[in-house]
Structures are given as C-alpha cells and as structure tokens.
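This report walks through the pockets, cavities, cores, helices and backbone features of one model. Please keep the sequence and the structure at hand while reading.

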Amino acid sequence: MPLLQTDDEGFRLDGEPFRILSGGLHYFRVHPDQWADRLRKARLMGLNTVETYVPWNLHQPRPGEFRMDGGLDLPAFLDLAAAEGLYVLLRPGPYICAEWEGGGLPSWLLAEPDIRLRSRDPRFLAAVDDYFARLLPPLRSRLASRGGPVLAVQVENEYGAYGDDTAYLEHLAASLRRCGADVPLFTCDQPDDLERGALPGVLATANFGSGSARNLAALRAVRPSGPLLCTEFWIGWFDRWGGHHVVRDAQQAARELDELLATGASVNFYMFHGGTNFGFTNGANDKHTYRPTVTSYDYDAPLDEAGDPTEKFHAFRKVIAAYAPVPEDAPPVRGERFTKEGVVLDQSIGLLDCAPVLGEAVASARPLMMEQLGQDFGFVLYETELPAAGPVLLELEQVRDRAQVFLDGQPVGVLEREAHEHSLTFTVPRPGCVLSVLVENQGRVNYGPGIHDRKGLAGAVLLNGLPLEGWTSRALPLTGLADVPFGHGPATPSGPAFYRGTFDVARTADTFLHLDGWTKGSAWVNGFALGRYWSRGPQRSLYVPAPVLRAGRNDVVVLELHAPGRGRAVGFRDAPDLGPTQE
C-alpha cells in the first residue's frame, strides 16, 4: 500500500494528489462474519477508506488481560479492508466517545477513587502506555509504512472539548510513536475547540455536519496550510431512551456533502454503517440529566443497522461520482430475512432465585460499587436484613443508574437516576425482612467530565435517617447464562425473571426480535447478547445478525425486569421498529 503524505496543498499517496473518501465502520459494532460484506458495500458507494475507533475497554477488560480475537480481531478486520482495496483511518483513543460505554475507557480505571481520566495523572498515563504497547505491535504490519492499509492514526478524540493540556496530547503522541505508529498522526475537534485540541506538528482536522465553508475556515485559522479533512461529517445522529429516532433528510445531507467536496476537502462520514451496541455496551450522556443511549446505532446512515443500503447510500454515491470514480458494479440490494411469530418462552426462573449461580456475594458494611467488585457491565444485587417492622423511609443518595427495590422478593418500587429519584417509603412487615436492591448499569457516560461514572449505590444509604449497614454485594455481569436453572410451568415469576424458548430455522438470515408487550430487559439468541429493550422507546426491536442463527433448533432468552408480554411470546420479523422519527 502507498504511504500517505501531507504538504501545503493537501494529501498525497506516493507523491500523487489524493482525496480521502472515508466512512465510519466500527468492527466492534458488527458481527465479524459480516465485516467483509460491509467493507464491500463501502467500496461500492465510492469510498476509498474506512474509519474505525478501537474500544480499549473491550480489548483490555482487566489490567493484565488483552483480547484480540473473535469480534475483536482487529488485524483480521484490517486485512479484509486491504483485500477490498480500502485504506483505514485508525482511531485508538485511548478515549473514543462514540456513544460507547465509558467512551471506551476501561471501568477498572475507576477502581482508583481519585483517578483523573484523560489527564497526566501518572496512573492513567501508565495504563494508556501499557494499552498502546499491547495494541500496536500486532498492527505494525498493517500500517501503510509496511505495506498495510492504515494510512493514519488519531491521537485522543475531540480533546479540545474536554481540556487544554498540550503536554497530555504530546505524551500520547510520543507513546504511539514509541509503540510503532510511524504513519501520520492526526487530531480531530469541533471547530470551536480546535485551538485547545490541536497538537503542534500533528495534522489537525475538524468535525461538523453542515456549514462546510464556515467550519473549514475555522480549521484554516488554526492550520493556514496543509490538508483539509472533516474527520466526522455527521450525516445522522444517535438515539436515547425516551426520545425519538433521529433522522436527517438524505437529499439535504447530500447537498451538504456536495458543498464539502466542492472545497477540495477530504471527508469521513460519521457513520457509513452504525451497527449495534450489542450486550451492555451502549454509552450515555449527562448534561445535568443522565440519558442512556439505545441499543441500535443505526445512525440513519447510508447502510442501515442490518447492512442494507438506504436512500442516503444512493444519494451520496451520486455526489461522490461527480468528484471521483465510482465502481461500475451494481449497488447492493436488501438482504434476506428470517421471520417467525408466536415464539413462546415457556421456561422461566426468577432472577433473585438464581442469583447465587450468577455471582458471588461479598459482605461489607456499605454497598460496594461495581468497580470495587471488578465488574464492567450488567447488574449488582445488594441485600441486607431490616432490623424492625413498621413504616420506613429508604434514602439512596446516588443511584447509578436504576434501582429496583424488593422486600422478601416482592417489588416495592423503582428509583431512576434519570428522574433524579432518591427515596422510597414502604412498610416492613416483620423484623429480619430481606431488603434487596437490584441496580442496573444502564451505560457509563461517554462525554464530558461525567466520564468518571462509577456504578451501583454511591454515597449514603439511610433507613429512617440512620445509616443502613451490613450488606452483601453480588456482581451479576450476565456474561454467560449456561448455569441458569430454567424450569417449565405456566406460572410467571414475580419481578425480574429469565424466560427461555426455542424455535426452528430452515435457512439463516438477518431478523429483528420484537417483544410486544414486554417492559424492560435484555435478550440473547443462542448465547449471543443482542442488547437492551425498553417499552419507553423509541427502539422497540433488536437486530439479530444472520450468523447468530443456525439451521435447526435455536434458543432465545429474555431477562424481563418487570412483566413479560402476553402469552410470554416474542416474534422475529423482517423489519425493525426504531420508533417515531424526528429530524
């Protein structure tokens, strides 16, 4: 592969003028068996490059553990991009935002109570240096300097919106170089933040979704010469629970793209294909009110969540064709779908009943946070015995993020961080009654100072104004459900419960799991974690990638936190329901 160079006029590849036409495609949001399909469609739209973040928290789930296999096999993804004739812009963080859990920062960093993330805190920098030292060596042969597809590597991500410590950025750049990143480095920031986020001697780029002339002028004010690149050209947006499915008119977005390309600038669409926040990997925002992001990362992108071309695909392809050659191959068509209605989940067991097989209880005076338990995702179950009967006021200083409260296994209320709720009143029927508090991590904050987002019950726990002590804290990461002892029977458990059913597939294909009438929870198909659902919407279905299914018997498991749908039935349909739209 040629080497990317920069001069006063722009980008060059081996001395020839070059325009980057790129699109965001995050390998960790796409089933690995579908990477090649999505990359081929990027080329067919006229792109010559794809961009991907790297999620530190998945690659290094524990300080001494590093993964680069299965859906995290980044070298394999880069090899597939090269095989398709595509270059790559690599964005390894350490912070990535991306509406991803914690902005990609590992939760174990937060076990240090006073650590300062995205700073020169020695503990943070030591962890980052270790991360780069593990990540980059397997990727060196994939750098353009060694004949690979990776043209450039990003330093941090929109740092100017967070801080202004140039020495911090210089440390990251030096660490990347020391670990083998010998291709051009770049930073990206929103136009108003360019001065704080730019790094001397490193290519500066801008993020925006409209007003190209104005925003590129802001970039020129910081970098009077050199290439112009919009690293995030926002062509859609993400959704939050309780909101609408955000869309952007395809023709309007195409006009903005035409305006950008007419300036001679390079571009990276954010996103070309959004994919899915599988499992518990969605992030959240907290600008005075906590707002978790939904499971789907469809992003109203040129390829939808299932990888099918949308109106934007064709509109953007037409614009690109006016500035660069576009493959003559026929554009991709919609893929096949699997459908099946009325799948009954006839096996069940209460979550509180099977908690001992899902996690170990740790005794302490006060509730322990997830990070103290060495836990990334999922739930924590807190339990204690109440000393006396009678009416009580339970006060939880900080619920991170959603607490369901039970007395002897019976629900008595819900407290939500999003609603700024902190207290419940109820009557304790007898001394020694077991108080259980099930706390869900709904996604760590991925933007702004709120990234120091520890999960569980933080602060004081008071009963009638007095500290309540003597707890057990049980981590429930739900990374595997093989030990859940399901039982058959018509009775529906009270409160949170697992439900399981089976269905047959003759021919595998993409599908969407619909949970009509169900309330809130998570779902798995054949052990693959699809993500969260919530009747609050807007999203009311979950994408099931075809490779997750198998010919013959399949199983579906649902953790319902409240009440299941009618007949405990779910359906697999040919289209998603992402909710009512808003531009």
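The second largest pocket has a volume of about 350 Å³. Of its 21 lining residues, those closest to its centre are E99, W237, F238, N285 and Y447. Strands β10 and β13 (284–286) each supply at least two residues of this lining, which by class holds 10 nonpolar, five polar and six charged residues. The model is a predicted one, in which local features need pLDDT of at least 70 and side-chain atom pairs count only at pLDDT 80 or more, whereas totals for chains, interfaces and linings use all residues. Residues are numbered from 1 along each chain as its sequence is written, and side-chain values use heavy atoms, with hydrogens and water left out.

Some terms need their cut-offs. On a 1 Å grid over the protein atoms alone, a cavity is a set of points where a 1.4 Å probe fits but cannot get out, a pocket is an open set with protein on both sides within 12 Å along at least five of seven lines, and lining residues have an atom within 4 Å of a point. Grid points are joined across faces, edges and corners, and a volume is the space filled by probe spheres set on the points. Ala, Val, Leu, Ile, Met, Phe, Trp, Tyr, Cys and Pro count as nonpolar, Asp, Glu, Lys and Arg as charged, and the others, Gly among them, as polar. Helices (H or I, at least four residues) and strands (E, at least two) are DSSP runs numbered from the N terminus.

**Pockets and cavities**

The largest pocket holds about 1,000 Å³ of space, and of the 35 residues that line this pocket, L58, R67, G279, T479 and A529 are the closest to its centre. At least two lining residues come from each of α2 (56–59), β31 (528–534) and β33 (552–560). Five cavities of 30 Å³ or more are found in a search of the whole structure. The lining of the largest cavity includes L4, F11, L89, F186 and L229, and β1 (4–6) and β8 (185–189) each contribute at least two of its lining residues.

| Space | Volume | Lining by class |
|---|---|---|
| Largest pocket | about 1,000 Å³ | 21 nonpolar, eight polar, six charged |
| Second largest pocket | about 350 Å³ | 10 nonpolar, five polar, six charged |
| Largest cavity | about 60 Å³ | 10 nonpolar, one polar, no charged |

**Cores and helices**

In soluble globular proteins, nonpolar side chains tend to be buried together. Here a nonpolar core is a set of buried Ala, Val, Leu, Ile, Met, Phe, Trp, Tyr and Cys residues joined through side-chain atoms within 4.5 Å, where buried means under 20% relative accessible area, exposed over 50% and partly exposed in between (1.4 Å probe, protein chains only). The largest such core has 131 residues, and F124, L478 and F498 have the most contacts inside it. Helix α4 (residues 122–135) gives this core its largest share, seven residues. A second, separate core of 24 residues includes F426, C433, L435 and L457.

In helix α7 (residues 212–222), the buried residues are S212, N215, L216, L219 and V222. These residues lie on the same side of α7 because they cover an arc of only 105° around the axis, the arc being that of the directions from the helix axis to the C-beta atoms. The exposed residues A213, R214 and A221 are carried by the face turned away from that buried side. Among the elements that cover the buried residues of α7 are β9 (203–208), β10 (229–234) and α8 (250–262), by contact, which means heavy atoms within 4.5 Å.

In helix α9 (residues 311–321), K312, F313, A315, F316, R317, V319 and I320 are buried, and their cover includes β4 (21–25), α1 (35–44), α8 and β12.

**Backbone features**

Most residues other than glycine have a negative phi, and most peptide bonds are trans. The bond from G93 to P94 is cis, with omega near 20°, and P94 lies in the loop between β6 (87–91) and α4. A cis bond also joins Y270 and M271, with omega about 5°, and M271 lies in strand β12 (residues 266–273).

D14, which is not a glycine, has a positive phi of about 50° and counts as exposed because its relative accessibility is 52%. E158 has a positive phi near 45° and lies in the loop between β7 (150–154) and α5 (166–178), but this residue is buried, with a relative accessible area of 7%.
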